[in-house]
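Please read the following walk through a protein chain with the structure open beside the text. Each paragraph takes up one part of the chain.

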Amino acid sequence: MIEKECMRWASEGINIRYQIRQGRKGYKAGALKEGLKHDYAQECEFVAIFDADFQPEPDFLRQAMPFLIQNQEIGLVQARWRFVNADECFLTRMQEISLDFQFVIEQEGGSSIHSFFSFNGSGGIWRIATINEAGGWKDRTTVEDMDLAIRAGLKGWKFLFLGDLQVKSELPSTFKAYRFQQHRWSCGPANLFRKMVIDISKNKDISLRKKFYMIYNFFFIRKVVGTMFTFCFYCVVLPLLSLMPEVDVPKWGAITATFIIATINTLIATPRSIHLAVPWVLFENIMSFHRTKALLIGLMEAKRANEWIVTEKLGDTFKGKSTVESSKPNKHPQWVKLLRERILPQELLIALFLSACGCYGIVYGDDMYYLYLFPQSVFFTIAGFGYFGTIVPSSQQQAVPQLLF
């Protein structure tokens with residue numbers, strides 16, 4: 001379809017080409033690197049990048065290009081993502097809150113204060129000279145977008161986030177697809193931090209203030225400590241303290257402060273979801289468990305550090321396309337495969353642990369902390385049985401998806 005559309009425009013005299021490559025070497029970084037090697041690409045000064053599910057408005061370039069043309073110090077213009085399926089289910093609503101928080105608080109703040117933030121991988125325009133000066137696209141991690149942004153930032157290039165320039169895209173609506181995506185988005189930055197922290201420290205082209213921001217704020221706090229703290233503190237330390245009534249710790253103070261901050265963040269970034277601020281905290285605690293595992297894999301550069309599984313969107317599922325290339329035959333019955341995909345034992349064990357701590361608090365505690373532990377346990381149970389998101393039956397092509405949480 002895309003090829004035919006390109007041919008139609010080309011027949012009307014528009015300079016447009018349809019280009020694909022053979023194989024997946026280097027994944028997305030490999031595709032971008034190869035694309036810029038073509039003669040027609042080398043004649044260009046800028047490159048706009050969109051993933052397949054993105055839907056830019058017809059005037060996207062007219063709105064974005066003036067910033068790059070008028071300011072030669074800007075190497076990247078990033079548009080804000082909007083989501084066509086945000087209302088599909090509870091899972092997509094949670095993703096919308098998380099991503100809106102990233103755009104409004106992190107990226108808009110980084111753009112206005114430091115002229116630096118991570119490229120989102122889609123919905124942006126790069127100055128090709130910036131890409132070349134930074135060393136081009138590299139496939140050494142699963143976050144080639146962040147890798148290039150860091151290297152370009154170290155060269156002194158400035159980035160601009162345009163909150164008013166919005167591009168529609170699609171969110172993964174199955175819990176399995178979302179977990180794989182979050183693994184890549186958490187493992188990749190940790191692995192990149194391991195590879196680049198020395199380079200950032202030794203760099204002489206940027207100010208000490210910006211260097212401190214990159215290492216401490218951008219990487220260490222947001223990508224490493226924040227993720228690990230969320231899971232360890234709210235799902236391990238505080239529940240364990242409920243087993244020790246003699247230890248006087250203001251547990252409710254920590255929980256209440258977290259809910260208040262989440263409510264304020266939601267009010268600023270996604271006002272329409274203000275009523276979901278508390279469920280968002282409970283859901284993010286679940287995802288912090290997956291992100292912590294991925295983070296440790298990235299820091300230790302373990303076996304799955306460079307695992308790349310394309311994020312499956314609902315449209316891909318009904319086309320019957322597999323997003324994981326595998327040559328291994330299926331040795332197990334279909335019901336075994338479905339059971340393994342749906343049941344997550346680790347989440348269920350955490351749910352059991354939280355429930356046990358809550359029950360202990362009912363009998364021996366007097367701080368009513370179980371009012372937090374039981375809802376959190378319920379969320380882990382729902383995740384453990386795979387009931388977040390859209391459930392796609394095995395007969396994908398004929399069946400209608402079931403929308404759950």
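Gly153 counts as buried, at 0% relative accessibility, where buried means under 20% relative accessible area, exposed over 50% and partly exposed in between, computed with a 1.4 Å probe on protein chains only. The model is a predicted one, in which local features need pLDDT of at least 70 and side-chain atom pairs count only at pLDDT 80 or more, while totals for chains, interfaces and linings use all residues. Residues are numbered from 1 along each chain as its sequence is written, and side-chain values use heavy atoms, with hydrogens and water left out.

Gly153 sits in helix α7. Helices (H or I, at least four residues) and strands (E, at least two) are DSSP runs, numbered from the N terminus. Not counting residues up to four places away in sequence, Gly153 touches Phe116, Phe159, Ile206, Lys210 and Met214; contact here means heavy atoms within 4.5 Å. From C-alpha to C-alpha, Gly153 and Lys211 are 9.7 Å apart in space, and in sequence they are 58 residues apart.

Which residues of α7 and α9 meet? From α7 come Met146, Ile150, Gly153 and Leu154, and from α9 come Lys210, Met214, Phe218, Phe219 and Lys223. The residues of this contact of α7 with α9 divide into 6 nonpolar, 1 polar and 2 charged. In this count Ala, Val, Leu, Ile, Met, Phe, Trp, Tyr, Cys and Pro are nonpolar, Asp, Glu, Lys and Arg are charged, and the others, Gly among them, are polar.

Two packed helices are described by the angle between their axes and the distance between the axes. The axes of α7 (residues 144-154) and α9 (residues 208-241) come within 11 Å and cross at roughly 160°. Axes are lines fitted to C-alpha atoms, for helices over the stretch in contact, and angles run from 0 to 180 degrees between N-to-C directions. The helices α7 and α9 are therefore roughly antiparallel to each other. Angles under 35 degrees count as roughly parallel, over 145 as roughly antiparallel, 65 to 115 as roughly perpendicular and the rest as oblique. The crossing of α7 past α9 is left-handed, a word used if the near helix is turned anticlockwise from the far one by less than a right angle, with right-handed used if clockwise.

Another residue of helix α7 is Asp147. Is Asp147 buried or exposed? Asp147 counts as buried, because its relative accessibility is 0%. Leaving out residues up to four places away in sequence, Asp147 touches Lys138, Arg140, Thr141, Leu192 and Met196.

Next comes helix α5, which spans residues 90-114 and includes Ser111. Ser111 counts as buried, at 9% relative accessibility. Its contacts, not counting residues up to four places away in sequence, are Phe116, Phe117, Phe159, Leu160 and Phe161.

How do the axes of α5 and α11 lie? They come within 10 Å and cross at roughly 90°. That makes α5 roughly perpendicular to α11. In this pair, Phe90, Leu91, Met94, Ile97 and Ser98 of α5 meet Pro279, Trp280, Phe283 and Glu284 of α11. By class, the contact of α5 with α11 has 7 nonpolar, 1 polar and 1 charged residues.

Cys89 lies in the loop between β2 and α5. Cys89 is buried, with a relative accessible area of 7%. The C-alpha atoms of Cys89 and Thr390 are separated by 7.0 Å, and the two residues are 301 residues apart along the chain.

Helix α4 (residues 60-70) has the buried residues Phe60, Ala64, Met65 and Leu68. They cover an arc of only 105° around the axis, which puts them on the same side of α4; the arc is that of the directions from the helix axis to the C-beta atoms. These buried residues pack against β1 (46-49), β2 (74-83), β3 (124-127) and β4 (158-169). The face of α4 turned away from its buried side carries the exposed residues Arg62, Ile69 and Gln70.

The last topic is the backbone angle phi. Most residues other than glycine have a negative phi. Glu301 is not a glycine, yet has a positive phi of about 50°. Glu301 lies in the loop between α11 (277-300) and α12 (314-318) and is partly exposed, with a relative accessible area of 34%. Met368 also has a positive phi, near 55°. Met368 is found in the loop between α14 (345-364) and α15 (370-384), and at 44% relative accessibility Met368 counts as partly exposed.
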